[in-house]
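Trainee: I have a structure open and would like to learn how to read its features. Could you take me through a few?

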Amino acid sequence: EDPSSSSSTQNSVAPELPGFYYDPEKNRYFRLLPGHNNHNPLTKDSIQHKAMECKRLRLLEEEQNQKITRAGLNSSVLLQKRQLGMLSSTSYCRLVHELKVNCMQRRKIEIHSPDSSVAGTNNFKIIVADVACERIFTVNDVEHGGCKYGIINLSGLGKESLTVEMYDNLYFTNRKVNSVCWASLTHPDSHLCLMGIAETPGCASLLPASLFSSTNPGDRPGMLCSFKISTAWSCAWCLNPQADNCFSTGLTRRVLVTNVVTGHRQTFGTSSDVLAQQFATQTPVLYNGCRSGEIFSIDVRQRNRKGQSWKAIRLFHGSAVTSVHLMEAEHYLMAADMAGKIKLWDLRTAKCVKQYKGHHNEYALLPLHVNEEEGLLIAVGQDCYTRIWSLQDAHLLRTIPSPHPSSKDAIPSVVFSSRLGGSRGVPGLLMAVKQDLYHFSYN
């Protein structure tokens with residue numbers, strides 16, 4: 001039972017008094033104070049935070065005692081029901097996914113670094129995996145207010161071993177980052193696009209991934225591309241050969257598409273800040289999610305046009321769009337917004353065909369993680385819970401509490417893959433929160 005629901009039940013018995021809070025445990029009213037008060041910390045925020053922390057601790061205890069799987073949900077029973085014709089193939093697949101997801105157990109990963117003073121001393125802010133899931137790029141907050149970048153090699157992540165190697169480069173570390181994506185310039189995932197935050201203006205950088213490796217520092221190439229821009233919210237790299245060597249930047253009321261080899265730029269004016277982007281692979285089309293709630297596509301082969309007639313597909317959310325994900329066949333687009341809505345759109349009809357309920361967001365730029373091979377959708381909410389849905393029927397399969405108390409600076413960053421560490425890697429979920437990295441095995 002949810003602690004918040006139990007308190008609301010008690011509150012319904014005791015009449016509500018304006019400016020007072022009824023504590024069912026102490027069976028008495030307490031006066032509420034507006035905002036924060038050092039002498040009497042009883043505010044609505046503190047009451048909500050206490051209830052959330054009680055819920056988190058209870059869920060962690062259930063995980064430890066392995067009480068998260070529904071009664072009657074085990075592999076032998078499911079297989080027997082399927083053989084007897086009591087379950088359709090769709091229901092069977094969904095229930096198997098639910099069973100596997102709920103059997104995932106958290107284990108802490110040991111991070112080794114050539115510089116022993118670096119590993120485990122800074123809070124993780126962002127982790128982003130390359131296509132093969134052999135490496136994850138990390139952005140960590142540091143004490144003096146900047147950020148530290150690094151790459152964690154996942155090849156050591158075996159079934160028995162939970163040890164990874166982390167490499168960083170302090171010469172390319174200081175600027176806070178809004179958005180990161182891998183870029184395939186000289187070979188797959190050879191570089192990284194970083195949208196850095198500065199006071200004004202910001203900075204877009206394209207860095208070789210070899211800057212963060214164990215090779216001889218003398219062999220490392222310099223920064224390939226860096227230019228000042230207005231505040232950048234998002235970025236995306238194009239893998240379609242018709243827009244080769246191009247990356248996009250989502251800015252305040254405009255989109256900038258840059259060819260990093262020729263330096264050629266295209267600018268598309270928009271009516272709102274562009275908070276999320278992704279390129280299609282079959283065509284050189286860029287999908288953009290805006291603060292206004294609009295999602296639109298741009299074919300980057302066309303010349304700049306006055307007005308906004310260049311917008312091809314247009315979709316609309318009721319709140320700021322924080323993430324867009326184009327599905328593999330490129331007929332569907334998944335999008336999330338700041339109202340906590342996650343919708344699957346059919347791009348051929350421009351209609352929403354599914355909604356995934358339970359996500360929590362009010363103001364944060366939070367990504368979506370889609371794994372079509374396993375049929376899963378993963379999203380971390382502003383409440384610091386990691387939720388996993390079935391792609392097929394939008395059923396919420398599991399809600400994972402954070403190992404740390406929830407706060408604005410402790411929202412987990414996650415990566416899910418069927419092959420963490422490469423083609424012979426292990427399936428599972430990586431979760432980075434505070435200074436720790438965890439692995440949830442998926443078997």
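Mentor: Let's look at one annotated repeat, its strands, a loop residue and the cysteines. This is a predicted model, where local features need pLDDT of at least 70, side-chain atom pairs count only at pLDDT 80 or more, and totals for chains, interfaces and linings use all residues. Residues are numbered from 1 along each chain as its sequence is written, and side-chain values use heavy atoms, with hydrogens and water left out.

Trainee: How many bridges join β21 and β22?

Mentor: Two strands pair if DSSP finds at least two bridges between them. Strand β21 (residues 321–326) pairs with β22 in the antiparallel sense over five bridges, and Ser323 has Ala336 as its bridge partner in β22. The hairpin of β21 and β22 has five residues between the strands, and Glu330 there takes a positive phi near 65°. β22 also pairs with β23 (residues 342–346), again antiparallel over five bridges; here Ala335 is partnered by Lys343. In that hairpin, with four residues between the strands, Gly340 has a positive phi near 80°.

Trainee: Why is β22 described as largely enclosed?

Mentor: Buried means under 20% relative accessible area, exposed over 50%, and partly exposed in between (1.4 Å probe, protein chains only). Five of the six residues of β22 (residues 332–337) are buried, so the strand is largely enclosed by the rest of the structure.

Trainee: Is Ser319 buried or exposed?

Mentor: Ser319 lies in the loop between β20 (314–316) and β21, and at 18% relative accessibility it counts as buried. Contact means heavy atoms within 4.5 Å. Leaving aside neighbours within four places in sequence, Ser319 touches Arg291, Gly293, Asp337, Met338 and Ala339.

Trainee: How many disulfides does a search of the whole structure find?

Mentor: A disulfide is a pair of cysteine sulfur atoms within 2.5 Å, and the search finds zero. The sulfur of Cys238 is 6.6 Å from the closest cysteine sulfur, in Cys246, which is too far for a bond. Cys238 is buried at 2% relative accessibility, whereas Cys54 is partly exposed at 40%.

Key
Helices (H or I, at least four residues) and strands (E, at least two) are DSSP runs, numbered from the N terminus.
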